Amino acid sequence: MSKLLVISDVHNRTEITDIIESFEPDADRVIYIGDFFDSWGDTPELNAKTAKWLKSKLDKPEKY
């Protein structure tokens, strides 16, 4: 049986989601639902950082 980790509404808090993932290292798949951006007061730099983080996840289709 596969173990899924589901995380919702990142809202640019990529460090927190990475910590959550570290608590479940044996998860076979990680599924993100909800918003990645849109955290009131976003800056272009913060959005660029989140987009880079998201791309790194999408580059690993076997896990994400």
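How many salt bridges does the structure hold? The structure, a predicted model in which local features need pLDDT of at least 70 and side-chain atom pairs count only at pLDDT 80 or more, while totals for chains, interfaces and linings use all residues, holds 6 salt bridges, a salt bridge being a side-chain nitrogen of Lys or Arg within 4 Å of a carboxyl oxygen of Asp or Glu. Residues are numbered from 1 along each chain as its sequence is written, and side-chain values use heavy atoms, with hydrogens and water left out.

One of these salt bridges is formed by the side chains of Asp26 and Lys3, with an N to O distance of 3.1 Å. Because Asp26 lies in the loop between α1 (14-22) and β2 (29-33), whereas Lys3 belongs to the segment before β1 (4-8), the pair ties together parts that are 23 residues apart in sequence; helices (H or I, at least four residues) and strands (E, at least two) are here DSSP runs, numbered from the N terminus. Lys3 has a relative accessibility of 32% and therefore counts as partly exposed, where buried means under 20% relative accessible area, exposed over 50%, and partly exposed in between (1.4 Å probe, protein chains only).

A further salt bridge joins the side chains of Lys57 and Asp18 at 3.3 Å, N to O. This pair links distant parts of the chain, with Lys57 in helix α2 (residues 44-58) and Asp18 in helix α1, 39 residues apart. Lys57 counts as buried at 9% relative accessibility, whereas Asp18 is partly exposed, its relative accessible area being 32%. Asp59 forms a salt bridge with Lys55, in which the closest N and O atoms are 3.1 Å apart, and Lys55 is partly exposed with a relative accessible area of 49%. Through salt bridges that share partners, Lys3, Glu24 and Asp26 are joined into one network.

The structure also holds 4 aromatic pairs, for which rings of Phe, Tyr and Trp (its six-membered ring) must have centres within 6.5 Å, planes under 30 degrees apart counting as stacked, over 60 as edge-to-face and the rest as tilted. Among them is the tilted pair of Tyr32 and Phe36, at 5.9 Å centre to centre and with 50 degrees between the planes; Tyr32 is buried, with a relative accessible area of 16%. Phe36 and Trp53 also form a tilted pair, at 6.3 Å centre to centre and with 55 degrees between the planes. The latter pair links distant parts of the chain, since Phe36 lies in the loop between β2 and α2 and Trp53 in helix α2, 17 residues apart. Phe36 and Trp53 are both buried, and one aromatic cluster is formed by Tyr32, Phe36, Trp53 and Tyr64.

Phe36 is also among the residues that His11 touches, a set comprising Asp35, Phe36, Phe37, Asp38 and Ser39 when residues up to four places away in sequence are not counted, contact meaning heavy atoms within 4.5 Å. His11 is found in the loop between β1 and α1 and, at 16% relative accessibility, counts as buried. The side chain of His11 reaches the backbone oxygen of Phe37 at 3.1 Å.

On the surface, Leu4, Val6, Ile31 and Ile33 form a nonpolar patch with about 340 Å² of accessible area together, the areas coming from the Shrake-Rupley method with a 1.4 Å probe and, for residues, only the protein chains shown counting as cover. Patches are made of residues with over 30% relative accessible area and no salt bridge, like charges being joined within 9 Å and nonpolar side chains (Val, Leu, Ile, Met, Phe, Trp, Tyr) within 5 Å. The elements giving two or more residues to the nonpolar patch are β1 and β2, and Leu4 is placed in strand β1.

Definitions and conventions:
A polar contact is a pair of N or O atoms within 3.5 Å; within protein, one must be able to donate a hydrogen and the other to accept it, and residues adjacent in sequence count only if both atoms are side-chain atoms.
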